[in-house]
Amino acid sequence: MKVPIISKIFKNRELERTAKINYLKAQTSAFNERTIAMKEMQVQTKEIMKSLIARTEKPVMSLNDELYGNMQTPYNTDLWSYSSDRIRRISRIGHSQSSPAQAMVGRFVDLVYGTHLELQAQPFFDLLQGSPTDIKIQQSLIKNIERRWWLWAKSDKSDYEQDKNFFCRSRDMFERLLIDGEFFVILRYNQNRGSNPLTLQYISADDVMMIDSQVLSGNIEKDGIEYNSKGIAVAYHIRNKKIDGSDYGSVRIPRYGIKSGRTFVLHIKLGQALRGIGILAGVISELTKLSDFQALEIQAAVINAIFAVWIETPIGGENKEFIKKKGISGIGAQIDQAASNYSPSEYNARMKTTDLQHGGIIAEGLGEGQKVNSFDTKRPNVNFEQFYNAVLRNLASAKGMSLAVMLYNFNGQYAAARGELLVLWNKISTMRFDQTNAYESQVYKMWLWGEIDNNNVPDFGYGKSEFIRDAFSNSVWTGPARPDIDPLKSVQANIKEVYHGFKTNQEVAAERGGGDFDENIGRIKNENIQKADANAPMLKVEKTTYSEATTNSTTVTEGA
């Protein structure tokens, strides 16, 4: 027989004991969970630390591996100790992967060449025996030469491979000069009397090497170039390649024809070394660092954008599933159909994933104590642009380039912008002068020889001496004119400078890319005569006027 009061007491005690046991079990379970979580956290922390240590042992590489150095010097700061082939390859990789490098090279090509460089033939007629003294005859001869040059240069027949015309090739090779530091041209001559015999074959710097060709006695060969005892380049050894790109030796090509005096090979290069060095080589280390900084800053911003929110669950709180699993890539109701498309293991793995591809989540039904946290992103850094442009300005100025022109970012005051353009144009003028003297003028000299051989242009003893060839082929090459922030102010300033004798008309014409002033005056005179002829009345019209006082009339002839 049970006594109700005693039974109730025992029952309450039993319930209390059960509650304590359950509480202890819950505490033990929570402790075990915390212990497991701590162990997992320790494992994850160790893995993260290993990854961080591994990353700190070498530089963070966002570009090609060849742009970086070794463990002691992560970036290529000892580039000058490399061979010319190695420097050339690193410069090419740096240009292909660095947007600032592409911008710098591209602006130089645009400003020096533009669409093309225009020939302004300016023969020294007073130094050519038997040359015409009449200005009109001289102008007619110059116009004939310039027109023939234009037709040859814009035709792909000027190219040995008949791929591009001379203007396109010149721009491409100038870009190659800035990157590689050099390029080579073989001048080929045929016996065709119907057109100019000159064609140009462009040789990559990689193909100048000696494989099995021979060096003349007393000469030495270095990096594919043959030098005489005085250290003057006399021949070039060019790798012979089959159509499939494989080698079958090398061929020796002399620099000049011994008997004819014609040029066979042009080697255009930058710098004083035997082989040229591009403009990027000296700043490739800083360009690599700057590109790394830019790439990593962008990557950090992307990562911040990926981790939009996360759920924080306190210890002992309700770890409620926030995002319900939607099956295979979120297709939900089509699970049965999708199951037939996957193996059991792959199906189970996909069932445990959540599709966030299309974004958009409604946060509802959070567990007790749970809360949604979001990143207060600090990337990209607020000072990124200022710091990036400061470093870039140093790199650009080291190569004579204006940062505003390089980035197409013009927002300064007139005086500052004009000064920046004037300083930049000194660099552009120097680069254009050097390039045209080494390349365009030499090609033009040999081309003119072909026109003389075809009896299209008078001889004047062109083949007799180098002096006559230089005098007859004297030329100026004009490209894009210096940009004017305010063209009217520049013109007015030039007029006043000429009026007061601070400048000559010849200097102004040259600065503005207008060629020779004397030639301009002659052409303007001819243009004015043509304008006057064009504006002259075509018919003589008789006009009769009558007087009101008399019946007499007066006839006036207009245009007489």
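Predicted model: local features only at pLDDT ≥ 70, side-chain atom pairs only at ≥ 80, totals over all residues.
Is Arg107 buried or exposed?

First, the overall picture. The protein chain has 560 residues, and 32% of them count as buried. It holds 15 helices and 13 strands. Take the contacts with a separation of 6 or more: 63% of those join residues 24 or more positions apart. The chain exposes about 35500 Å², and carbon and sulfur atoms supply 54% of that area.

Now back to the arginine. Arg107 sits in helix 3. Its relative accessible area is 14%. The cut-off for buried is under 20%, so Arg107 is buried. What does Arg107 touch, leaving aside neighbours within four places in sequence? The answer is Met401, Val405, Met406 and Tyr408.

Stay with helix 3, residues 99-112, and look at how helix 2, residues 84-97, meets it. The two pack at an angle of about 100°, and their axes are 5 Å apart. Angles of 65 to 115 degrees count as roughly perpendicular, so helix 2 is roughly perpendicular to helix 3. Helix 2 brings Gly94, His95, Ser96 and Gln97 to the contact. Helix 3 brings Ser99, Ala101, Gln102 and Val105. By class, that is six polar residues, two nonpolar and no charged ones.

Next, a strand. How many of the six residues of strand 3 are buried? Six of the six, so strand 3, residues 198-203, is largely enclosed by the rest of the structure. In general, side chains in a regular strand alternate between the two faces of the sheet. Here, Leu198, Leu200 and Tyr202 point one way. Thr199, Gln201 and Ile203 point the other way. Strand 3 pairs with strand 2, residues 182-189, in the antiparallel sense over six bridges.

Last, two backbone points. Most residues other than glycine have a negative phi. Gln162 lies in the loop between helix 4 and helix 5. With a relative accessible area of 46%, Gln162 is partly exposed. Asp223 also has a positive phi, about 55°, although it is not a glycine. Look for Asp223 in the loop between strand 4 and strand 5. Its relative accessibility is 35%, so Asp223 counts as partly exposed too.

How values were computed
Residues numbered from 1 in each chain as written. Heavy atoms only, no water. Helix = DSSP H or I, 4+ residues; strand = E, 2+ residues; numbered from the N terminus. Buried < 20%, exposed > 50% of the residue type's maximum accessible area, 1.4 Å probe, protein only. Contact = heavy atoms within 4.5 Å. Areas by Shrake-Rupley, 256 points an atom, 1.4 Å probe, with all protein chains shown as cover. Axes fitted to C-alpha atoms, helices over the stretch in contact; angles between N-to-C directions. Parallel < 35°, antiparallel > 145°, perpendicular 65-115°, else oblique. Nonpolar A, V, L, I, M, F, W, Y, C, P; charged D, E, K, R; others polar. Pairing = 2+ DSSP bridges.
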